[in-house]
Amino acid sequence: MEFKIYSKALYSTWILYRPERLLFDVGESISSVLGNSVYAIKDVVLTHGHVDHIAGLWGLINTRNVAMGDRKKPLRIIFPRGNRAIQAYLDFIIGMNPRLRYEVILNPVDPNEEIFLRTAGNFKRWLVPFRVRHTPGEISYGYHIIEERKKLKAEFRSLDSNAIVELVKKHGREYITENFTKKVLTISGDSYALPPEIIDNSETLLHECTFLDGRDRKNQNHSTLEEIIENVKASNGIKRLILYHISGRYTTRIKRLSKDLIDKLEDRELEIHFVHPEKLFVL
Ligand SMILES: [Zn+2]
Ligand SMILES: [Zn+2]
């Protein structure tokens, strides 16, 4: 399992990304659905301070305090620096739980900051926030997860394995390899459709898709499916698109409303998933 997602626009959104034990946003229902798995979460990453994205945080912090599990693991909460709703809510939660049995690390971040996640084997991963367009006055971020790997330098790729071993013996491993980075994941948060240059070459794009029918949108604070499809068409390298934060008004019409637009992408090798507003999504 890579993702567990619950998301219904206006009500609740949370996205568990298991490889990094990371939770993007914490809408309500998170603790009751995850149960003791709340201990598996290392990082909470908040996109903005609207209640449908943060309401479950008090419950999560509390459940983690009383449920069975290893209390030595800290919980880091990453959020847009200067977001007053989030800061006030965190102050309240910490004030209400003065004797937490584990450490909570509050980590406000700025756009383009590199936040280290993990290194394992020959790769290293970090998180990079970027500003998005949402409601006026609300500091809102999307995030990339970037991975750095080592690969064989082009000039050595035609050599056989014995020749490579010899080179490593002579000059060391660094001599034959170079680093390259890729965007493993991009998440939009609540936002107007992300421009192609932001989503370009992201292997998995998690994009909010509040409106399947653009005529239903009154303010330009959220995305429509049509705009997302246009921007995905204008970009390269996206392998998987997960559409979440879908309005509950479309519950019975997702397939019907999306078919024509999705058909426009038929020539591309792209896997598309819709997070149904009333179902737990697991991938
Ligand atoms: Zn929302
Ligand atoms: Zn919002």
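**Figure 1. Nonpolar surface patch involving Met1, Val33, Leu280 and Val282 of the predicted model**. Together these four residues expose about 320 Å² of accessible area, computed by the Shrake-Rupley method with a 1.4 Å probe and, for residues, with only the protein chains shown as cover. Patches consist of residues with over 30% relative accessible area and no salt bridge; like charges are joined within 9 Å, and nonpolar side chains (Val, Leu, Ile, Met, Phe, Trp, Tyr) within 5 Å. Valine 282 belongs to strand S14 (residues 281-282) and is partly exposed, its relative accessible area being 47%. Buried denotes under 20% relative accessible area, exposed over 50%, and partly exposed the range in between (1.4 Å probe, protein chains only). Because the model is predicted, local features need pLDDT of at least 70 and side-chain atom pairs count only at pLDDT 80 or more, whereas totals for chains, interfaces and linings use all residues. Residues are numbered from 1 along each chain as its sequence is written, chains are lettered from A and ligands numbered from 1 in the order in which they are written, and side-chain values use heavy atoms, with hydrogens and water left out.

**Figure 2. Open sheet of seven strands with mixed pairing**. The strand order is S6-S5-S4-S3-S2-S1-S14. Strand S6 (104-109) and S14 are the edge strands, each pairing on one side only. S1 and S14 run antiparallel and are joined by two bridges; lysine 4 stands opposite valine 282 in S14. Strands (E, at least two residues) and helices (H or I, at least four) are DSSP runs numbered from the N terminus, and two strands pair if DSSP finds at least two bridges between them.

Figure 3. Donors are N, O and S atoms within 2.8 Å of the metal (3.2 Å for Na, K and Ca); water is not among the atoms, so sites may look incomplete. The zinc ion (ligand 2) lies 3.5 Å from the zinc ion (ligand 1), and aspartate 190 coordinates both. Aspartate 190 is in the loop between strand S10 (177-187) and helix H7 (196-199), and histidine 245 in the loop between strand S12 (240-244) and helix H9 (254-263), so the pair ties together parts 55 residues apart in sequence. Both aspartate 190 and histidine 245 are buried.

**Figure 4. Salt bridges of arginine 240 with glutamate 2** **and of glutamate 278 with lysine 8**. A salt bridge places a side-chain nitrogen of Lys or Arg within 4 Å of a carboxyl oxygen of Asp or Glu; the structure holds 16. Arginine 240 and glutamate 2 meet at 2.9 Å, N to O. Since arginine 240 lies in strand S12 and glutamate 2 in the segment before strand S1 (3-8), their contact ties together parts 238 residues apart in sequence. Glutamate 278 meets lysine 8 at 3.2 Å, N to O. Lysine 8 is buried, at 14% relative accessible area, whereas glutamate 278 is partly exposed, at 47%.
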